[in-house]
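Here is a short report on the pockets of one protein model. Look at the structure first, then read on.

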Amino acid sequence: MTPDRIDYKRLPGRKPRFIGYDTLYLGPDHLLSVHGRGVVEEYKRFYYQDIQAILARRTWSGLIQIVVFILLAGLFSLPFIFTPEEEMAVWLVPAGIFLFIALILLLRGPTCVCHIRTAVQTEKLASLERLRIFRRFLDQVRPLIESLQGRVTPEMMSGYDRTPSVPASEAAAPPTPTPPPPWT
């Protein structure tokens, strides 16, 4: 190993795309996001001391996909009632395939969208699209961030006021109307 070489550990989650992929790597002092497109790769580093938040929001897209595949299975199994026995396989095979896909999507778990926030940017982490994968990612990254920044306790958050601070004189004063232009 050469002295300038950085050893990376691949993190959970890999988002394959039509042409390319997204994945994350754990470095000694930073998180590396790789976005590959064909023969081109883009790299973004997020240093642990600069990370302000890692956000995940549950989405409905996984549930919608499951419902669509179940409806397609139902649509293909409906003619099964009215067809003779020798033609049943024509309708049941596609219905079974759609049910199998819906089962796989159900077993993969709920979907989410994940972002990482620093002082200068908020970047989407496309490789973390399932909550289960996000939790595994967070279990590996959290100790590294907390070792540099410290741990946030509930007591620290109790004094945090989420409402914007606006002076009472500004909040109570009505806006002054602007006069119309003299040429109208």
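By class, the second largest pocket is lined by 7 nonpolar, 4 polar and 6 charged residues. The model is a predicted one. This pocket has a volume of about 230 Å³. Its lining counts 17 residues, and Lys15, Ser61, Cys112, Lys124 and Glu129 are the closest to the centre. The largest share, 3 residues, comes from strand 6.

Now the largest pocket. It holds about 380 Å³ of space. Its lining is made of 13 residues. Nearest the centre lie Gln52, Ala53, Ile54, Arg142 and Ile145. Strand 5 (53–58) and helix 3 (131–149) each supply at least two lining residues. Which element gives the largest share of this lining? Helix 3 does, with 6 residues. By class, the lining of the largest pocket has 7 nonpolar, 3 polar and 3 charged residues.

The table sets out the volumes and the linings.

| Pocket | Volume | Lining residues | Largest share of the lining |
|---|---|---|---|
| Largest pocket | about 380 Å³ | 13 residues | helix 3, 6 residues |
| Second largest pocket | about 230 Å³ | 17 residues | strand 6, 3 residues |

To find each pocket in the view, start from the residues at its centre. For the largest pocket, these include Arg142 and Ile145. For the second largest pocket, they include Lys15 and Glu129.

How values were computed. Residues numbered from 1 in each chain as written. Predicted model: local features only at pLDDT ≥ 70, side-chain atom pairs only at ≥ 80, totals over all residues. Heavy atoms only, no water. 1 Å grid on protein atoms, 1.4 Å probe; cavity = no way out; pocket = protein on both sides within 12 Å on 5 of 7 lines; lining within 4 Å. Points joined across faces, edges and corners; volume = space filled by probe spheres on them. Helix = DSSP H or I, 4+ residues; strand = E, 2+ residues; numbered from the N terminus. Nonpolar A, V, L, I, M, F, W, Y, C, P; charged D, E, K, R; others polar.
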